[in-house]
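Notebook open, model loaded. I'm jotting down what I look up as I go.

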Amino acid sequence: MANVGPAYGMSRDVQSKIEKKYDDELEARLVEWIVAQCGDSVGRPERGRLGFQVWLKNGIVLSRLVNSLYPSGSKPVKIPDAPPTMVFKQMEQIAQFLKAAEDYGVVKTDIFQTVDLFEAKDMAAVQRTLMALGSLAVTKNDGNYHGDPNWFMKKAQEHKREFTESQLKEGKNIIGLQMGSNKGASQAGMSYGRPRQIIS
């Protein structure tokens, strides 16, 4: 990656708006969840946006996190024995996490780009992805989620209804309220000003 110098003008304004979206309280909750989910072996980051970014940057913690959401025997991300030191290997590890998160059910719009994390371009997007992943894990309730279920919101789930033939026939006889009713009203006797005068 090329070193990027300081931003000026409009670029600086955009970057500062992105940085303001980062939530320190959310960071603490996400760290607690990742440690509860993966175990103490992942360690803890220094507090703050930069510490959080450095902790996740090589992709190993993220890979362990997504692997812990699957039952043993079906781990989607291969984790190398030694943490990768080369930049492209670290970015590849992050990309594997992103693919596994999408396969798990995280919507594409909630997934951050690799450079958002690797170059700390948008750490709020990283938080958004981890929140979406946590919400899905709580919602699935398959026994692979560890931690407080109140840390994440449950996603809405489908509630399919079955109707019998007789219920469907009865429904055709009812006029729904959203169709409205004019209760016999008409426009008879109404006038809207004078008719147009055509003078030749």
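I started with leucine 136, which is buried because its relative accessible area is 12% (buried means under 20%, exposed over 50%, partly exposed in between, with a 1.4 Å probe and protein chains only). Leucine 136 belongs to helix α7; helices here are DSSP runs of H or I with at least four residues, numbered from the N terminus. I keep in mind that this is a predicted model, where local features need pLDDT of at least 70 and side-chain atom pairs count only at pLDDT 80 or more, while totals for chains, interfaces and linings use all residues. Residues are numbered from 1 along each chain as its sequence is written, and side-chain values use heavy atoms, with hydrogens and water left out.

Next I looked for what touches leucine 136. Setting aside neighbours within four places in sequence, I found Tyr104, Gly105, Val106 and Lys155 in contact with leucine 136 (contact is heavy atoms within 4.5 Å). I also checked methionine 153: it sits 17 residues from leucine 136 in sequence, and the C-alpha to C-alpha distance is 8.7 Å.

Then I turned to the helix pair. How do the axes of α5 and α7 cross? Helix α5 (residues 87-104) and helix α7 (residues 123-140) have axes that come within 10 Å and cross at roughly 40 degrees. Axes are lines fitted to C-alpha atoms, for helices over the stretch in contact, and angles run from 0 to 180 degrees between N-to-C directions. α5 and α7 are therefore oblique to each other: under 35 degrees is roughly parallel, over 145 roughly antiparallel, 65 to 115 roughly perpendicular, and the rest oblique. On the α5 side the contact uses Phe97, Ala101 and Tyr104, and on the α7 side Thr129, Leu130, Leu133, Leu136, Ala137 and Lys140. I sorted these residues into seven nonpolar, one polar and one charged; Ala, Val, Leu, Ile, Met, Phe, Trp, Tyr, Cys and Pro count as nonpolar, Asp, Glu, Lys and Arg as charged, and the others, Gly among them, as polar.

Still in α7, I checked threonine 139. Threonine 139 is buried, with a relative accessible area of 12%. A polar atom of its side chain lies 2.7 Å from the backbone oxygen of serine 135.

Last stop was α4 (residues 60-68), where eight of the nine residues are buried. Cover for those buried residues includes α2 (24-38), α3 (49-56), α5, α6 (114-118) and α7.

How values were computed
Helix = DSSP H or I, 4+ residues; strand = E, 2+ residues; numbered from the N terminus. Polar contact = N/O pair within 3.5 Å; in protein donor to acceptor, adjacent residues only side chain to side chain.
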